[in-house]
Amino acid sequence: MNYQEILELLEKDARLTPRDLSEILMEDEAEVRKAISEMEQDKIICGYHTVINYNKALRNEKIMAFIEVGVRPMKDKGYDYTANLIAGYPEVNSMYLITGDNDFICLVEGKTMFEVCQFVSDKIACIEDVHSTKTLFVLKQYKQSGVLTGAGKRDLKEDRLVVSY
């Protein structure tokens, strides 16, 4: 059983059933179910998600911002202690340890820009080892999880100049 193939297929389309996967992979359906169950238990598969184009749906009802966070790692705890504090807030959709000028980048969601700003100032900035934050608001989404959302999408063939000799 090739677990990697299952993961790649589910990542592209989480709606695939074990039966669909077994047909695509030419494997026994029971074996595919068992493999998926094992990967869920081992937290390799952590959830199933739908990609939503928020430019079209729920317009102005959801604000997203990337928050860069600079920290001083705590002795004997490193970055993980602070990361777990920040990631524990429901407003934080995703969080990564990064290279560059700051240590973390978080995707935060709220109903208004003010709500996001208040979350940053009242929750993240108050954590003892946080020394800086930088908020970058999402104005328009073009692609999410490898899927083009259509904002600003054009037929590139129409943009090409006709060349003749």
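F104 is buried, with a relative accessible area of 2%; buried here means under 20%, exposed over 50%, and partly exposed in between, using a 1.4 Å probe and protein chains only. This is a predicted model, so local features need pLDDT of at least 70 and side-chain atom pairs count only at pLDDT 80 or more, while totals for chains, interfaces and linings use all residues. Residues are numbered from 1 along each chain as its sequence is written, and side-chain values use heavy atoms, with hydrogens and water left out.

**Aromatic pairs**

Y79 is partly exposed, at 29% relative accessible area.

Y89 and F119 make an edge-to-face pair too, 5.4 Å centre to centre with 85° between the planes. Here again distant parts of the chain are linked, 30 residues apart, with Y89 in the loop between α4 and β2 (92–97) and F119 in helix α5 (residues 113–124). Y89 counts as partly exposed at 24% relative accessibility, whereas F119 is buried at 5%.

As for cut-offs, rings of Phe, Tyr and Trp (its six-membered ring) pair if their centres lie within 6.5 Å; planes under 30 degrees apart are stacked, over 60 edge-to-face, and the rest tilted.

| Pair | Centre to centre | Angle between planes |
|---|---|---|
| Y89 and F119 | 5.4 Å | 85° |

**Helix α5**

F119 brings us to its helix. The buried residues of α5 are V116, F119, V120 and I124. Looking down the axis of α5, they fall within an arc of 95°, so they line one face of the helix; the arc is that of the directions from the helix axis to the C-beta atoms. Their cover includes β1, α4, β2, β3 and β4.

**Helix α3**

For α3 (residues 29–41), the 13 residues should span 18 Å, which agrees with the 18 Å between its end C-alpha atoms. V32, A35, I36 and M39 are its buried residues. They cover an arc of only 95° around the axis, which puts them on the same side of α3. They pack against α1 (3–12) and α2 (18–25). After α3 comes K43, with a positive phi near 60°.

**A buried glutamine**

Q141 sits in the loop between β4 (130–137) and β5 (143–144). At 8% relative accessibility it counts as buried. Its side chain makes a polar contact with the side chain of Q144 at 2.8 Å (a pair of N or O atoms within 3.5 Å; within protein, one must be able to donate a hydrogen and the other to accept it, and residues adjacent in sequence count only if both atoms are side-chain atoms).

**The whole chain**

Zooming out, the chain has six helices and six strands, running α-α-α-β-α-β-β-α-β-β-β-α from the N terminus. Helices (H or I, at least four residues) and strands (E, at least two) are DSSP runs. Of the 165 residues, 27% are buried. Among contacts (heavy atoms within 4.5 Å) with a separation of 6 or more, 60% are between residues 24 or more positions apart.

Note on methods. Expected span 1.5 Å × (residues − 1).
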